[in-house]
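Colleague: I am new to this structure and would like to go through its helices and aromatic rings. Please show it to me.

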Amino acid sequence: MTTDEPRLYFARWTMLTILSLLACVSDWVCFSVAPIPKAFGEAFPGMHPSFLVSIFLSTNVLFCFIEPLMVLRYGLRKVVVGGAWLMFIGCILRSGIPGMMSSNRVLLVLGTIFVGAGQPFFQCTPAMLAAKWFGQNERTLATTIAINANQIGIAVSYMAGAYLVHSAVALHTYLCLITAVSCILLVVTVAFFKESPPTPPSYSGMLEAAKEVEAQAQIQISSGDKAKDGWVEMQTLIKLMRRLLLENGFCHALVAFAVSIGITNVVSTFLDHLLEHLGFHQHTIGITGALFQVMIMAGSVVLGSIVDRTKLYYKATLFCFGMSFIWLLATSEKRLHASLFVISILFLGFFVGPIQPITAEIAVEVTYPADENAIVAVQQVFGNLFSAFLVPICNTVRSVHLYELGARGLTRKVRMDYLLLLVLCGLGGGYFSTFRAPLKRLLAETDSKHGRLPMKLDLAVVSPTAERASATSSSTSALTSSPDSLHPTEESNQRHSRGDKAMGAARTFVTRMRERT
C-alpha cells in the first residue's frame with residue numbers, strides 16, 4: 001500500500017449517507033410529537049411535547065461530554081454503531097411492542113433519554129468523518145450534509161406526524177413505525193459503516209492519520225490499567241476543551257453555532273403556536289414545518305458549496321446573521337398576510353441554518369490541527385445546552401406580550417418569544433463580527449499543496465514532545481489582512497527549500513506506522 005498521493009474513494013458517500021440517516025432519525029425521534037400536541041395530550045394527559053424535547057437535549061449535552069472519550073478509545077465505527085444500538089433500544093421503549101400500546105410515562109421518558117444519549121455519536125462526528133474521508137474542497141459540503149440531516153429528520157416528524165397521527169391510537173402506530181426504521185438503519189450501520197478509507201484523502205489527512213495511528217498504538221501499549229488510562233484520557237479531554245475555548249476565534253464560532261441551533265430548535269418546537277393565529281389546519285402546519293427544515297438544508301448546501309470554493313467563512317456567516325435578523329423581524333409582525341408570514345418563516349430557515357455547518361468548519365480551521373471530533377462535540381454541548389434552557393423559557397413566555405407605541409399613537413402587541421429570538425440573533429451576529437482569527441488549516445493545505453510542510457505540523461506528527469516544544473516557539477504562518485484572506489508570511493516561504501524532504505518524511509512515517517499496526 002502506498003501513501004504517496006491523497007486519494008478519494010466513492011465509499012465516502014456511503015459513509016456520509018449512513019451517518020446522515022442516523023442523525024436524521026435521531027431528530028425525528030426528538031421532535032416526533034412536537035407537531036401533534038393534541039393527540040399527544042390525549043395519550044399522555046398533562047404532558048407537553050416540549051418537555052420531551054428538553055429531556056432529549058439535556059441528555060444530549062451530557063453524552064456530548066462522553067463522546068470524545070469514546071471516540072478516542074474505540075474509534076469512529078464503534079461509537080457510531082453503539083449510538084445506533086442506543087437509538088434502537090430507546091425507540092422500542094417509547095413505542096412498546098406492536099399491537100400493545102404503551103402508556104407508561106416512565107418508559108416514554110426513558111426511551112427518549114436513550115435516543116438522546118445515542119445522538120451525539122452521529123451529531124458530533126461529521127467533521128471527523130469529513131476529515132477522514134473527504135478532500136479539501138469537499139469537507140464543508142460533507143459536514144453541511146451530515147449536520148443538516150437533523151433538519152430532514154425534523155421535517156419528516158412534521159410531515160409524518162401531521163398526516164399519520166390524529167388520535168392516541170394512531171400515535172402508537174406512528175412510534176412503532178419509527179422503531180422499525182431505526183431497526184433497519186441499525187442493520188445497515190453494522191454491515192457497512194467503516195472507520196476510514198485505505199489511504200487518506202488529503203495532505204492534512206495524511207498527517208492526521210499518522211497521529212491517529214500513533215495514538216492508537218500508545219493506547220494498545222498502555223492498555224494494562226484501563227482505569228488509569230480512562231482518567232488520563234479524561235484529563236487530556238478537559239485540557240483540550242480548555243485550550244479550544246482559549247483559542248483565538250473559537251468562541252466566536254461557538255457563540256454563532258449556539259445561537260443558530262437555538263433559533264432553529266425553538267421554531268421547530270413551537271411552530272404550531274407560531275402559526276396558530278392564522279387558523280391553519282394541522283396538515284398545513286405540518287407542510288410548513290417540513291418546508292422550514294428543507295429550507296435549512298437547502299440554504300446550508302448552497303452556501304456551504306459556495307464557502308467550499310471561496311473560503312469566505314467570515315463574510316458568509318455575517319451575511320446569514322443579517323438576513324436571519326431581517327426575516328425574523330418580518331415573522332414578528334402579526335399583521336402579515338398568511339402567505340407572507342409563511343414565506344418569512346421559510347427564508348428564516350434558509351439563512352439561519354447554514355450558520356451551523358459554516359461555523360463548525362470555522363472552529364476546525366482556527367484550531368487546526370486539533371481533533372475535529374472534540375471540536376464539534378464542544379459546539380454541540382454548548383449548542384444543545386443553550387437550547388435545553390431556551391426551549392422551556394420560550395414555552396413559559398410564548399403567551400406573554402409587550403406593548404409598543406406605534407405610528408399615530410397606536411399600540412401593538414409584540415410576543416416575548418419573538419423578541420427574545422431577535423435579541424439573540426442580533427447579539428450573536430454582533431459578537432461574531434469581531435472575529436479576526438487566522439484560518440490555520442487552510443494555510444496548512446496551501447503549504448502542503450505546494451510541497452511546503454509547515455514545521456509546526458511536521459513536529460506534531462513526529463512526537464508529542466516536539467509538539468509541546470514547538471508550541472513555545474514562534475507561531476506558524478497566519479491569515480493576516482482579513483478573516484477570509486490567505487497571506488503566508490515570509491517564514492512559510494523560507495521553508496520551501498526543505499518542503500520536499502519534510503513531505504517525504506511525513507509520507508514515510510504514515511506508511512511505517514500503518515505497517516507496524
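Modeller: Axes here are lines fitted to C-alpha atoms, for helices over the stretch in contact, and angles run from 0 to 180 degrees between N-to-C directions. Keep in mind that this is a predicted model.

Colleague: How are helices H11 and H16 oriented to each other, roughly parallel or roughly antiparallel?

Modeller: Helix H11 covers residues 250-269 and helix H16 residues 355-367; their axes come within 9 Å and cross at roughly 165°. Angles over 145 degrees count as roughly antiparallel. Therefore H11 is, relative to H16, roughly antiparallel.

Colleague: How many charged residues are in the contact of H11 with H16?

Modeller: On the H11 side the contact includes Phe250, Phe257 and Ser260, and on the H16 side it includes Gln356, Ile362 and Val366. By class, the contact of H11 with H16 has 9 nonpolar and 5 polar residues, and the number of charged residues is none.

Colleague: Is the crossing of H14 and H15 left-handed or right-handed?

Modeller: The axes of H14 (residues 313-331) and H15 (residues 338-352) come within 8 Å and cross at roughly 160°. That angle makes H14 roughly antiparallel to H15. As for the hand, the crossing of H14 with H15 is left-handed.

Colleague: Which residues of H15 meet H14?

Modeller: From H14, the residues in contact include Phe319, Met323 and Trp327. By class, the contact of H14 with H15 has 12 nonpolar, 3 polar and no charged residues. The H15 residues that meet H14 are Phe341, Ser344, Ile345, Phe347, Leu348, Phe351 and Val352.

Colleague: How many of the residues of helix H6 are buried?

Modeller: Helix H6 covers residues 126-133. Its buried residues include Met128, Lys132 and Trp133. H6 is largely enclosed by the rest of the structure, because the buried residues number 8 of the 8.

Colleague: Is the pair of tryptophan 28 and tyrosine 174 stacked, tilted or edge-to-face?

Modeller: By the rule for ring pairs, the count comes to 10 aromatic pairs. In the pair of tryptophan 28 and tyrosine 174, the ring centres are 6.4 Å apart and the planes stand at 50°, so the pair is tilted.

Colleague: How many residues apart in sequence are the parts that this pair ties together?

Modeller: Tryptophan 28 and tyrosine 174 are both buried. Tryptophan 28 lies in helix H1 and tyrosine 174 in helix H8, so the pair ties together parts whose separation in sequence is 146 residues.

Colleague: Which residues form one aromatic cluster?

Modeller: Rings pair if their centres lie within 6.5 Å. The residues that form one aromatic cluster are Tyr314, Phe432 and Phe435.

Technical notes
Residues numbered from 1 in each chain as written. Predicted model: local features only at pLDDT ≥ 70, side-chain atom pairs only at ≥ 80, totals over all residues. Heavy atoms only, no water. Helix = DSSP H or I, 4+ residues; strand = E, 2+ residues; numbered from the N terminus. Parallel < 35°, antiparallel > 145°, perpendicular 65-115°, else oblique. Contact = heavy atoms within 4.5 Å. Nonpolar A, V, L, I, M, F, W, Y, C, P; charged D, E, K, R; others polar. Buried < 20%, exposed > 50% of the residue type's maximum accessible area, 1.4 Å probe, protein only. Left-handed = near helix turned anticlockwise from the far one by under 90°. Phe/Tyr/Trp six-rings, centres within 6.5 Å; stacked < 30°, edge-to-face > 60°.
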